Amino acid sequence: MMTHIQTTGRRAHLVNLDPAAEHFEYEPTIDIRELITLEDVMEELDYGPNGGLIYCLEFLLNNIDWLEEEIGNYDDDYLIIDCPGQIELYTHFPIMRRICETLGQWNMRICGVYCLESQFIEDKAKYFSGVLSAMSAMVNMEIPHVNVMTKMDLVEGDYGNAKKDSEDEDDAADNNEDDKKKRRRRRRRRMDKALTTRELERYLDPDPLLIAEEAGIVEQEQGSINANSRSFKFQALNQAIVQLIDDYSMVSFIPLNITDEDSVEYVLSTIDNALQYGEDLEPKEPDDKIEYE
């Protein structure tokens with residue numbers, strides 16, 4: 001994302017608010033580790049990782065003047081704030097919401113971006129856990145919100161890469177009848193594995209019936225063997241989750257394929273729209289004036 005933004009000529013800066021971060025592809029312009037680090041907190045106060053992380057962010061709130069002074073030089077620039085990945089900070093504790101409220105008091109426009117990896121769709125229970133976490137964060141944070149399904153380049157099908165180059169080479173090498181049969185079997189397996197556009201849209205715009213269908217399949221497989229199976233015990237819970245997602249109807253995902261420039265631009269433009277970015281920016285003179293003959 002930083003590469004794309006810089007390519008388009010915007011002035012963008014990376015802000016790191018994760019005191020446990022270790023490596024960045026781009027060096028952060030503002031870094032909380034200059035104020036406090038998780039490693040120091042765990043060593044000096046004998047806290048665990050989660051408790052230490054909460055302490056670090058509370059320390060930031062108590063020393064919010066530091067952040068205001070650091071941001072003061074970049075009022076009109078685009079700031080990408082990298083936050084900790086612990087979901088509890090957005091769903092159970094008011095820390096991140098208070099930070100966002102403070103940024104809003106500084107007349108900064110904020111958009112939260114929730115990222116869910118595409119591998120989650122392989123496990124419906126895990127996927128809906130991510131959907132519920134996204135919805136909880138949206139309700140708790142109370143800021144403009146964009147949900148992104150990342151790593152779509154790893155998904156086979158219409159939204160990702162249909163097949164690998166090595167498979168193309170194998171197909172070209174198959175000439176005799178046996179090889180052709182093997183090639184057809186490989187293609188059939190790829191087709192079974194690949195997600196069609198219609199199937200994937202049920203995950204991009206969460207279809208509550210997915211979890212109901214999964215529960216129904218499990219019931220059919222286990223019902224005759226064990227009447228007290230887990231699926232029966234949690235049937236009411238599944239129905240409640242389905243009803244909750246359907247009633248709120250808040251969560252939808254934008255697919256992000258980092259190998260596709262159009263996909264990156266679409267995600268960025270969606271965030272810009274949520275921020276209303278650029279509507280009140282004053283025209284700026286270029287650093288180097290071009291001389292025309």
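Biologist: Which residues touch the most other members of the largest nonpolar core?
Modeller: In this predicted model, the largest nonpolar core has 29 residues. Those that touch the most other members are Leu57, Leu60, Leu67, Leu89, Ile95, Met96 and Ile99.

Biologist: Which helix gives the most to this core?
Modeller: Helices α2, α3, α4, α5, α6 and α7 each supply at least two residues. Six residues come from the helix that gives the most, and that helix, residues 49-62, is α3.

Biologist: What does Leu89 touch, leaving aside residues up to four places away in sequence?
Modeller: Contact here means heavy atoms within 4.5 Å. With residues up to four places away not counted, Leu89 touches Leu53, Ile54, Leu57, Pro84, Ile95 and Met96.

Biologist: How many residues are in the second core?
Modeller: The second core is separate and includes Leu116, Met138, Leu200 and Leu210. Its number of residues is 22.

Biologist: Which strands are at the edges of the sheet?
Modeller: Three strands form an open sheet in the order β4-β5-β6, with parallel pairing. An edge strand pairs on one side only, and this applies to β4 (112-117) and β6 (253-255).

Biologist: What is the bridge partner of Asn147 in β6?
Modeller: Strand β5 covers residues 145-150 and pairs with β6 in the parallel sense over three bridges. In β6, the partner of Asn147 is Phe253.

Biologist: At about what angle does helix α14 run to β6?
Modeller: Helix α14, residues 261-275, lies across β4, β5 and β6. Its angle to β6 is about 145 degrees.

How values were computed. Residues numbered from 1 in each chain as written. Predicted model: local features only at pLDDT ≥ 70, side-chain atom pairs only at ≥ 80, totals over all residues. Heavy atoms only, no water. Pairing = 2+ DSSP bridges. Helix = DSSP H or I, 4+ residues; strand = E, 2+ residues; numbered from the N terminus. Axes fitted to C-alpha atoms, helices over the stretch in contact; angles between N-to-C directions. Core = buried A, V, L, I, M, F, W, Y, C linked by side-chain atoms within 4.5 Å. Buried < 20%, exposed > 50% of the residue type's maximum accessible area, 1.4 Å probe, protein only.
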